[in-house]
Amino acid sequence: MYRRPLRVAARSVLAAAARTQVFETEASRALAAVQLAAAGPDPATTPRRTLHVATQMLNVKETAQHSEDEVGAFTRLIEAMGFTGSLKYNKWKIKIAALRMYTCCVERVNYDDFFHRCSLPDTLNSWFLVAQLHVWMCLVRMRQEGREGKYMCRYIVHSMWEDVEQRSKIMGIDAMHRKEAMKAMTETFYAAIFGYDEGILSDDGVLAAALWRNLFNRQCDDPRQLELMVEYVRKQMQFIDALDGSDLLLTGEVKWRPLLEDNAQSILKVATPTYNDAGL
């Protein structure tokens with residue numbers, strides 16, 4: 001009775017694995033071709049524009065990440081289908097830590113200070129733009145923690161969308177306009193993610209452009225405001241990169257440095273959070 005469905009399921013899994021292997025092979029060939037084309041006919045005589053990136057601008061900590069080879073093909077397959085294999089820590093503890101980390105992005109940030117210093121209107125959209133900047137910084141940090149960190153990132157974003165929807169309901173926005181607003185915010189969020197990722201790995205000019213497009217919504221004419229936010233993002237990333245990854249996965253506790261401070265170049269490490277089995 002169950003043999004035929006099991007055979008069909010097994011054939012589907014094997015076919016999907018075969019397609020994945022073919023895709024990886026073709027992707028490797030395409031990447032090699034692109035690299036060969038980018039090399040040019042003669043690197044010694046071909047002029048190129050060099051991109052200078054200062055050492056202090058690379059604020060993403062280089063940590064030992066889990067290699068994809070450590071995870072089996074079946075685990076990668078089921079994770080590609082939306083399921084999650086075994087993790088180093090309990091999944092519910094990671095979910096609780098993700099909710100706590102998002103709460104830190106909401107309750108431990110002085111939004112009024114951002115509205116005042118950056119000349120942003122006191123609206124739900126402005127709140128979301130500031131919140132998504134801090135959520136992005138948390139995502140960058142947690143993506144360095146391997147599969148557990150990526151799993152946590154999913155629930156940080158999930159908590160954000162639930163919070164945004166609840167806030168819009170409390171403000172009395174009807175269902176139709178709420179759906180349109182959520183769609184626009186989703187597009188804004190993922191566009192900001194790409195822009196901020198490029199900016200944090202590039203020079204200050206690229207990061208300032210990303211902040212001008214996403215945080216200021218192309219409405220900033222004061223270069224001092226852009227300079228303030230570039231400095232804030234750089235020092236904040238440097239600060240949370242110094243936090244222990246295991247503590248972040250189990251507690252989700254993040255403390256933010258103030259928007260304005262006398263010595264922005266200094267790094268003051270916060271006390272290591274204490275974790276217990278109750279997840280508190």
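Me: Is R100 buried or exposed?
Reply: The model is a predicted one. The cut-off for a buried residue is under 20% relative accessible area. R100 has 18% relative accessibility, and therefore counts as buried.

Me: With which residue does E253 form a salt bridge?
Reply: E253 lies in the segment after α10 (245-251), and its partner is in helix α3, 153 residues apart from it. At 26% relative accessibility, E253 counts as partly exposed. The closest N and O atoms of the pair are 3.7 Å apart, and the partner of E253 is R100.

Me: How many salt bridges does the structure hold?
Reply: The pair of E253 and R100 is one example, with the closest N and O atoms 3.7 Å apart. Another is formed by R141 and E145, where that distance is 2.7 Å. The number of salt bridges in the structure is 10.

Me: Are R141 and E145 buried or exposed?
Reply: R141 and E145 are joined by a salt bridge. Both R141 and E145 are classed as buried.

Me: How are α3 and α5 oriented to each other?
Reply: The axes of helix α3 (residues 91-107) and helix α5 (residues 124-142) come within 9 Å and cross at roughly 140°. The crossing is right-handed. An angle over 145 degrees would count as roughly antiparallel. The orientation of α3 and α5 is therefore oblique.

Me: How many nonpolar residues are in the contact of α3 with α5?
Reply: On the α3 side, the contact is made by M101, Y102, C105 and V106; on the α5 side, by W127, H134, V135, C138 and M142. One residue of this contact is polar and none is charged, and the number of nonpolar residues is eight.

Me: Why are α7 and α8 classed as roughly antiparallel?
Reply: The cut-off for the roughly antiparallel class is an angle over 145 degrees. The axes of α7 and helix α8 (residues 204-214) are 7 Å apart, and the two helices pack at an angle of about 165°. The class of α7 and α8 is therefore roughly antiparallel.

Me: How many charged residues does the contact of α7 with α8 have?
Reply: The crossing of these helices, α7 and α8, is left-handed. Among the contact residues are E198 of α7 and R213 of α8. By class, the contact has eight nonpolar and four polar residues, and the number of charged residues is two.

Me: What percentage of the residues in the chain is buried?
Reply: The chain has 10 helices and zero strands. Of its 280 residues, the buried share is 38%.

Definitions and conventions:
Residues numbered from 1 in each chain as written. Predicted model: local features only at pLDDT ≥ 70, side-chain atom pairs only at ≥ 80, totals over all residues. Heavy atoms only, no water. Axes fitted to C-alpha atoms, helices over the stretch in contact; angles between N-to-C directions. Helix = DSSP H or I, 4+ residues; strand = E, 2+ residues; numbered from the N terminus. Parallel < 35°, antiparallel > 145°, perpendicular 65-115°, else oblique. Left-handed = near helix turned anticlockwise from the far one by under 90°. Contact = heavy atoms within 4.5 Å. Nonpolar A, V, L, I, M, F, W, Y, C, P; charged D, E, K, R; others polar. Salt bridge = Lys/Arg side-chain N within 4 Å of Asp/Glu carboxyl O. Buried < 20%, exposed > 50% of the residue type's maximum accessible area, 1.4 Å probe, protein only.
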